[in-house]
Amino acid sequence: MQKNLFCMDMTLYLRRVLLLFIVAACLMVLFALRNVFFPEIYFEMNTSSETSKERAFVPFAFTSNGHQDKGLQHKCGLPTGCVKGTFAFRIRSGAANAIPATMCFNGQMILSRELRNTKEGLNIAVINARTGELIRTGTFNMWHGEVESLVTFLKAVEKDTLVLIATYDDGATKITDEARGLIAELGSTSINKLAFRDNWVFAGGKGMSGKSPFEQHIANNKSNNKYDKWPELLEMTGCIPQKMD
């Protein structure tokens with residue numbers, strides 16, 4: 001009798017365990033199907049910027065070009081390697097007010113959320129053009145008007161340095177003509193038309209003659225914005241020549 005009761009209890013226990021496994025497997029399948037067929041969710045950041053109190057709609061598995069990273073092997077994820085005497089780079093603007101700007105240079109992340117050196121406004125990295133070493137980074141909120149500190153930062157940029165810039169959320173509302181002029185001296189042409197919530201990425205240098213070939217700009221236009229009140233993010237990759245002489 002006791003043996004029969006033991007067998008019945010064991011059978012019931014095994015059935016419950018099996019049921020739990022089946023439920024867990026079903027949940028995993030449903031979660032996988034959700035990511036395939038419904039890959040988008042809302043992100044809402046809690047920041048101090050007045051422009052960041054609105055909700056932005058951005059992809060769940062988000063990368064700079066809207067696709068999954070395919071595991072590229074070259075520095076900064078470039079599809080091909082840079083030749084000797086050049087530095088690989090990748091600059092991404094922010095996505096709406098939800099995903100901050102990022103920068104990779106010569107195979108190293110130099111600006112990202114994880115490094116805690118990116119925020120709304122203009123995100124800038126200054127790099128030694130001879131060695132590729134990061135000198136400093138700075139972030140300047142153009143909605144709140146951190147223009148004086150931006151001008152001071154730009155005036156301190158020395159000759160033979162590279163300057164990388166990316167916007168996040170809004171990089172232009174209170175920028176001044178003086179700040180625009182200092183950035184134009186680095187080789188930018190789009191800085192003169194940068195406006196509220198435009199996205200912009202740039203790489204230039206102190207003492208550069210002429211226009212930099214490394215610049216992208218997209219205007220904030222509600223009729224064709226990707227994220228309602230923000231345009232799609234920009235990504236720029238390339239190989240910057242190393243300063244040799």
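I began with strand E4 (residues 102–105) and E5, which pair in the antiparallel sense over 3 bridges; strands here are DSSP runs (E, at least two residues), helices are H or I runs of at least four residues, both numbered from the N terminus, and two strands pair if DSSP finds at least two bridges between them. Looking up Met-103, I found Leu-111 as its bridge partner in E5. The hairpin of E4 and E5 has 2 residues between the strands, and Asn-106 takes a positive phi near 55° there.

I note the conditions at this point: this is a predicted model, in which local features need pLDDT of at least 70 and side-chain atom pairs count only at pLDDT 80 or more, while totals for chains, interfaces and linings use all residues. Residues are numbered from 1 along each chain as its sequence is written, and side-chain values use heavy atoms, with hydrogens and water left out.

**The sheet around the hairpin**

How many bridges join E3 to E11? I count 7 between strand E3 (residues 86–92) and E11, which run antiparallel, and within this pairing Ala-88 has Cys-239 as its bridge partner in E11.

**Salt bridges**

Next I searched for salt bridges, defined as a side-chain nitrogen of Lys or Arg within 4 Å of a carboxyl oxygen of Asp or Glu, and the count comes to 7. Arg-90 and Glu-235 form one of them, with the closest N and O atoms 2.6 Å apart. Because Arg-90 lies in strand E3 and Glu-235 in strand E11, this pair ties together parts that are 145 residues apart in sequence. Is Arg-90 buried or exposed? Arg-90 counts as buried at 13% relative accessibility, whereas Glu-235 counts as partly exposed at 21%; buried means under 20% relative accessible area, exposed over 50%, and partly exposed in between (1.4 Å probe, protein chains only). I also find Arg-90, Arg-92 and Glu-235 linked in a network of salt bridges.

A further entry concerns Lys-119 and Glu-146, whose salt bridge has its closest N and O atoms 3.5 Å apart. Lys-119 lies in the loop between E5 and strand E6 (121–128) and Glu-146 in the loop between strand E7 (134–140) and helix H2 (147–155), so the pair ties together parts that are 27 residues apart in sequence. Asp-160 and Arg-130 meet in a salt bridge as well (3.1 Å, N to O). Here Asp-160 lies in the loop between H2 and E8 and Arg-130 in the loop between E6 and E7, so parts 30 residues apart in sequence are tied together.

**Asp-170, a charge without a salt bridge**

I looked up Asp-170 in the loop between strand E8 (161–168) and helix H3 (177–184). Which side chain of opposite charge is nearest to Asp-170? It is Arg-197, 6.5 Å away, and Asp-170 is buried yet has no salt bridge; for charges, Lys and Arg count as positive and Asp and Glu as negative, with His and the chain ends not counted. The side chain of Asp-170 does make a polar contact with the side chain of Thr-173 (2.4 Å), a polar contact being a pair of N or O atoms within 3.5 Å, of which, within protein, one must be able to donate a hydrogen and the other to accept it, and residues adjacent in sequence count only if both atoms are side-chain atoms. The backbone nitrogen of Arg-197 lies 3.2 Å from a polar atom of the Asp-170 side chain.

**Asn-221**

My last entry is Asn-221, in the loop between strand E10 (214–218) and E11. Asn-221 counts as partly exposed at 34% relative accessibility, and a polar contact of 2.6 Å joins its side chain to that of Ser-223.
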